[in-house]
Amino acid sequence: MKAIRRFTVRPVLPEPLRPLSDLARNLRWSWHAETRELFESVDPGRWADSQGDPVRLLGSVPSDRLSELARDQQFLQRLGAVAADLQDYVTGDRWYQQQSAELPAAIAYFSPEFGITAALPQYSGGLGILAGDHLKAASDLGVPLIGVGLLYRHGYFRQTLSRDGWQQEHYPVLDPNELPVSLLREEDGTPSQVEIALPGGKSLRAHIWLAQVGRVPLLMLDSDVEENDLGERDVTDRLYGGGSEHRLLQEMLLGIGGVRAVRTYCRLTGHPEPEVFHTNEGHAGFLGLERIHELAGQGLNGPGLDFDSALEAVRAGTVFTTHTPVPAGIDRFDRELVARHFGPHAELPGIDVERILRLGMETYPGGEPNLFNMAVMGLRLGQRANGVSLLHGRVSREMFAGLWPGFDPEEVPITSVTNGVHAPTWVAPEVFRLGARQTGGRRAEEALAVGGAERWDTIAGIPDQDIWDLRRVLREQLVTEVRKRLYTSWRQRGAGTAELGWIDSVLDPDVLTIGFARRVPSYKRLTLMLRDRDRLMELLLHPERPIQIVVAGKAHPADDGGKRLIQELVRFTDDPRVRHRIVFLPDYGMAMATKLYPGCDVWLNNPLRPLEACGTSGMKAALNGCLNLSVLDGWWDEWFKPDFGWAIPTADGSGMDTDRRDDLEAQALYDLLEQRVTPRFYERGPEGLPDRWIDMVRQTLTQLGPKVLAGRMVREYVERLYAPAARAHRAMDPESARELAVWKSRMRGAWGQVAVDHVEVSAASATAELGSTLGVRVRVRLGDLQPDDVEVQVVAGRVDSEDRIADASVVPLKPAGGPDLEGRWVYEGPLSLDRTGPYGYTVRILPSHRLLGSPAELGLVAVPSEATGEEAGVLMR
């Protein structure tokens with residue numbers, strides 16, 4: 001019989017064990033080994049059954065065992081020490097509190113998914129894991145972050161395979177009362193709510209669940225509340241589920257409801273109000289509209305701000321991070337759908353719908369005028385924006401260049417902060433212990449959490465034998481894990497026990513092990529390794545230098561193409577000739593990943609360049625001494641060195657068709673494995689060890705380790721984005737916001753009259769030589785504008801065969817006189833010739849204001865006409 005209702009009965013802990021509840025409710029246990037070891041000692045068997053979830057563990061421990069522990073002085077001493085350590089961790093000063101710069105009082109960080117731990121399954125892939133690592137690193141550093149997301153009652157799907165290898169999805173119901181979260185309540189004990197107006201007089205309400213991630217609160221909105229109609233209750237049912245309107249409602253709840261949740265949390269707890277709002281991808285972009293709405297309705301010393309002034313105030317304190325290198329990866333909604341959900345009869349009635357629509361419309365060449373683009377809105381609402389690797393920053397500047405017409409992609413105001421991973425989460429305990437033995441436990445913890453070092457040179461002192469023994473132990477653990485998961489998978493596929501004896505011989509702890517695990521969109525090319533199956537079989541079954549491959553990954557439930565790729569790979573792995581050497585493990589998630597990364601010798605990544613924005617799985621592998629074998633894309637393009645890995649050559653010439661490109665790159669992959677990777681793994685030095693392989697492992701840890709840390713990433717966000725955004729936010733008081741809005745409006749109206757009228761240069765000698773200086777004199781027309789409104793610049797540098805300036809330097813010119821009778825101003829300045837070769841220059845006029853975040857912010861620029869530019873062309877060829 002099925003229960004008609006389900007609820008959770010919580011244990012009553014004896015008084016001496018009450019700190020266990022606090023430890024279980026703070027997710028720091030997910031990356032703090034001593035806390036996990038304490039919980040395991042409560043009942044090792046039940047700890048394993050609970051899959052390492054302290055909340056589930058405490059709900060299953062018998063009362064007599066709890067009474068026994070309450071009398072166990074040794075256990076109580078350990079409990080007291082771990083509880084005191086957590087208290088010190090959440091209250092003591094850390095890196096952020098030790099900075100001399102004036103930093104934000106608080107930052108709100110919005111993301112549609114968060115991968116904190118397998119016990120809180122609210123993630124689908126890299127975006128969520130990155131967001132979770134961001135929160136954990138912020139906690140370690142003491143950054144006053146507030147995370148904001150949604151609580152999905154089904155999370156992302158669980159994956160199994162049918163007998164013929166087709167992906168099947170399952171959506172287990174998640175009861176928040178069984179998760180490490182608590183309901184945010186008002187002072188009278190009633191659950192806090194946020195509410196969003198819907199068309200037709202309806203509303204969408206949501207509770208706020210709180211997960212404590214070390215020092216960082218994570219607020220998650222849940223629409224499954226009794227006051228909602230059935231349709232509204234399902235808004236937060238599944239991560240990335242439903243149709244277009246369903247997704248729009250999710251994103252309105254995340255952005256608009258998320259801001260309201262932050263305000264509620266700060267009101268109830270006294271947490272400082274955020275000065276900076278960080279939008280992790282475009283899904284939360286509506287948060288900017290809610291903040292405009294707040295400012296428009298709350299004048300502290302008079303009426304609220306008008307829309308344009310409120311927009312400037314909001315932009316100043318907003319950071320937008322884009323994670324996609326392809327337009328197809330961005331959420332776009334039909335213009336009419338968005339219009340229906342805003343305005344007089346729906347949400348944000350005080351804001352003109354046309355103003356809202358204008359923020360997201362693709363009003364640039366090649367854009368679709370009837371689509372509302374969430375990334376475009378994110379960029380228009382954020383004064384600071386970034387991609388997630390150097391290469392992705394370049395790709396993003398080119399992709400969104402239409403928003404800044406007249407500027408070269410290099411000047412588009414999108415910078416980059418390369419992603420990192422939270423080492424305490426992803427480094428195997430065995431790897432940590434080896435490093436701690438060399439440096440000391442406290443220093444090792446500091447190095448992993450905070451970072452800051454350029455290199456980890458202390459690793460050089462670890463003996464080769466210790467490194468090799470460790471790699472063997474980790475490989476052996478992976479083999480055990482793979483066999484267990486493979487057995488479970490085959491039973492789910494319908495196999496009987498008698499059919500599965502072969503699983504006991506799957507993988508070998510002494511064979512070179514390659515890992516490949518990620519989401520399965522087509523550009524990640526899951527099946528590139530199958531391009532030449534005979535050659536792959538030779539590599540797998542080589543009599544002296546075999547390889548073995550562990551593959552995992554999920555395709556989106558609506559992506560039949562991705563499911564076909566999985567099925568193709570699974571059918572190959574089912575072949576009795578190779579199934580002991582290559583396996584596919586379904587239901588890839590954090591629990592599997594923590595075993596997979598450390599146990600592999602090589603991490604394979606072969607996306608279509610440049611479609612991998614960053615890719616962090618290889619970073620997690622590297623922190624465990626695994627070597628990367630990857631296409632030069634994302635972070636690997638930035639940090640690859642032959643000292644610690646291999647680069648798969650890219651066949652990306654113009655006119656290259658996809659099949660031909662895949663053939664060439666697969667061939668390059670086989671060649672690398674056959675000629676470079678496997679010989680190095682299996683060759684032995686005088687001591688019987690693979691000396692050159694061990695040296696690459698050591699170089700991976702020494703050189704890559706400090707770079708790939710989420711601590712390094714979050715420190716960069718603080719220094720390069722959060723701190724400047726906070727300064728801009730403070731400078732943008734209501735009077736300044738009105739001033740900037742009026743000035744921008746005046747600039748847009750008058751810019752048509754701005755022009756470069758005449759350019760001339762004077763040289764001290766007839767030849768242009770390195771180190772010489774030219775005098776530049778320019779006459780410009782400013783129309784109704786004044787010199788204070790603009791900056792006149794010389795832009796100079798090397799030129800290509802088509803006279804395009806590369807690696808440009810910019811020299812501002814100063815007004816030297818004017819206006820003359822025709823209203824023209826004269827600007828002058830020196831231009832130093834600081835490089836040899838083909839060289840050229842031009843001049844341009846840009847808007848200039850002290851409150852602009854970037855000279856390109858308005859997308860306005862005036863350059864010489866062809867006639868004017870005859871004297872302003874190439875100086876020497």
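**Reading salt bridges and a helix face**

Q: What is the relative accessible area of Glu 273?
A: This is a predicted model, so read each value as computed from it. Glu 273 has a relative accessible area of 37%. Buried means under 20% and exposed means over 50%. Glu 273 is therefore partly exposed.

Q: Which side chain does Glu 273 meet in a salt bridge?
A: Look for a nitrogen of Lys or Arg within 4 Å of a carboxyl oxygen of Asp or Glu. Here Glu 273 meets Arg 263, at 2.7 Å from N to O. Glu 273 sits in the loop between helix H9 and strand S9, while Arg 263 is in helix H9. They are ten residues apart.

Q: How accessible is Arg 263, and with which other residue does it form a salt bridge?
A: Arg 263 is at 23% relative accessibility, so it counts as partly exposed. It also forms a salt bridge with Glu 294, with the closest N and O atoms 2.8 Å apart. Glu 294 lies in helix H10 and Arg 263 in H9, so this pair ties together parts 31 residues apart in sequence.

Q: Where do the two residues of the Arg 332 and Glu 362 pair sit?
A: First check the distance. The closest N and O atoms of Arg 332 and Glu 362 are 2.8 Å apart, and they form a salt bridge. Arg 332 is in strand S11. Glu 362 is in the loop between helix H13 and strand S12, 30 residues away.

Q: Is Glu 362 buried or exposed?
A: Use the cut-off again: under 20% means buried. Glu 362 is at 5%, so it counts as buried.

Q: Which residues of H13 are buried?
A: They are Val 353, Ile 356, Leu 357, Leu 359 and Gly 360.

Q: Why do the buried residues of H13 line one face of the helix?
A: Look down the axis. The buried residues fall within an arc of 150 degrees, so they line one face.

Q: What covers the buried residues of H13?
A: The cover includes helices H10, H11, H12 and H14, along with S12.

Definitions and conventions. Residues numbered from 1 in each chain as written. Predicted model: local features only at pLDDT ≥ 70, side-chain atom pairs only at ≥ 80, totals over all residues. Heavy atoms only, no water. Helix = DSSP H or I, 4+ residues; strand = E, 2+ residues; numbered from the N terminus. Buried < 20%, exposed > 50% of the residue type's maximum accessible area, 1.4 Å probe, protein only. Arc of directions from axis to C-beta. Contact = heavy atoms within 4.5 Å.
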